[in-house]
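The entries below follow the order in which I looked things up.

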Amino acid sequence: MKIFVGNVDGADTTPEELAALFAPYGTVASCAVMKQFAFVHMRENAGAVRAIEALHGHELRPGRALVVEMSRPRPLNTWKIFVGNVSAACTSQELRSLFERRGRVIECDVKGCTSSLS
C-alpha cells in the first residue's frame with residue numbers, strides 16, 4: 001500500500017529515517033522523500049492502516065506534525081501547476097478564485113504552492 005506523508009522536511013529527513021518510523025507497523029518496501037512530502041510503500045495493508053492511524057499528527061521534528069494518509073491518484077485529465085513567487089499574504093481561497101476563472105480547481109494549497117486544474 002502506498003502512503004502519502006506530508007509536512008516532511010526533505011532537506012532534513014532521510015528515507016531510512018522514515019522506514020524506521022513505519023517499520024513497527026509492518027514491512028516497509030520502499031521510501032521516497034521529496035521536498036515537502038514523502039511516499040512510503042508498505043507490503044501489508046493492515047500494517048499500513050495501523051501506521052496511518054498511529055502516525056498521522058506525529059511530530060517527526062518539533063512543530064511539524066506529519067500528515068499521513070493513504071495515497072490517492074490524481075484524477076484523470078488534471079494537471080498540477082507550480083506557481084512561484086506567491087506573496088505570503090495570499091490565501092488558498094484567493095489563489096483558487098484566480099484559477100477558477102480558467103477552469104475547475106480540484107486542489108489548491110498556498111503553503112505547498114501547488115494547485116490542480118481540470
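I took a nonpolar core to be a set of buried Ala, Val, Leu, Ile, Met, Phe, Trp, Tyr and Cys residues joined through side-chain atoms within 4.5 Å. Buried means under 20% relative accessible area (1.4 Å probe, protein chains only). The model is predicted, so local features need pLDDT of at least 70 and side-chain atom pairs count only at pLDDT 80 or more, while totals for chains, interfaces and linings use all residues. Residues are numbered from 1 along each chain as its sequence is written, and side-chain values use heavy atoms, with hydrogens and water left out.

Entry 1, cores. I found 17 residues in the largest nonpolar core, of which I3, V5, L18, F22, V40 and V68 touch the most other members. Two or more residues come from each of β1, α1, β3 and α2 (helices are DSSP runs of H or I, at least four residues; strands are runs of E, at least two; both are numbered from the N terminus). Helix α2 gives the most, with four residues. Apart from this core lies another, of seven residues, including C90, F99, V105 and C108.

In α2 (residues 45-55) I list G47, A48, A51, I52 and L55 as buried. Seen down the axis, these buried residues fall within an arc of 140° (taken from the directions from the helix axis to the C-beta atoms), so they line one face of the helix.

I located T13 in the loop between β1 and α1. T13 is buried, at a relative accessible area of 6%.

Methods. Buried < 20%, exposed > 50% of the residue type's maximum accessible area, 1.4 Å probe, protein only.
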